[in-house]
Amino acid sequence: MLWPVPTRWADNDHYGHVNNVTYYSYFDTAVNAWLMHATGTDTRDLPAIGIVAQTSCKFLGSLSFPDQLQVGIRIARLGNSSISYELAIFREAGDTLKLAATGTFVHVYVDEVTRQPIEIPAIIRAAAEPLVVTEILESEAADA
């Protein structure tokens, strides 16, 4: 599934490209915007909130404002209280997409008040299930 995320003027650093920490912002924006869209609710209003417990990013290409981006989202693991996302940032280049980065993003759902891990809300689980990857693609197996 692809989610659009535009670059912003402020994303560029002194060297004229998107600063590496901003890629994490793109991951966060895409996952949370998609969750709100897929559930039809503002996820901040749920009694369980998704806390980012882990992220990673492998940089593969440069981005710069005003690039238009698509963030690929899929789910590697749907646990009892956590969701492990696999993400890819693509730069739109005419009719094609150029891969700029890949990464991971783990949400752990916690009670809004106690911050203790709890079960993923049913509305989140229902939205996430269709994005769960059940098999490894041949090209990914070759990279492993």
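Start with the salt bridges: a search of the whole structure finds 3, where a salt bridge is a side-chain nitrogen of Lys or Arg within 4 Å of a carboxyl oxygen of Asp or Glu. The structure is a predicted model, in which local features need pLDDT of at least 70, side-chain atom pairs count only at pLDDT 80 or more, and totals for chains, interfaces and linings use all residues. Residues are numbered from 1 along each chain as its sequence is written, and side-chain values use heavy atoms, with hydrogens and water left out.

Select Asp11 and Arg8. Their closest N and O atoms are 2.7 Å apart. Asp11 is buried at 2% relative accessibility, while Arg8 is partly exposed at 47% (buried means under 20% relative accessible area, exposed over 50%, partly exposed in between; 1.4 Å probe, protein chains only).

Next, select Glu86 and Arg74, another salt bridge, with the closest N and O atoms 2.7 Å apart. Glu86 lies in strand E4 and Arg74 in strand E3, so the pair ties together parts that are 12 residues apart in sequence. Strands (E, at least two residues) and helices (H or I, at least four) are DSSP runs, numbered from the N terminus.

Now show the open sheet of 5 strands, ordered E1-E3-E4-E5-E2 with antiparallel pairing; two strands pair if DSSP finds at least two bridges between them. Strands E1 (2-6) and E2 (48-59) stand at the edges, each with a single partner strand, so one side of each has no neighbour in the sheet.

Finally, select E4 (residues 82-93) and E5 (residues 96-111), which are joined by 12 bridges. Ser84 stands opposite Val106 in E5.
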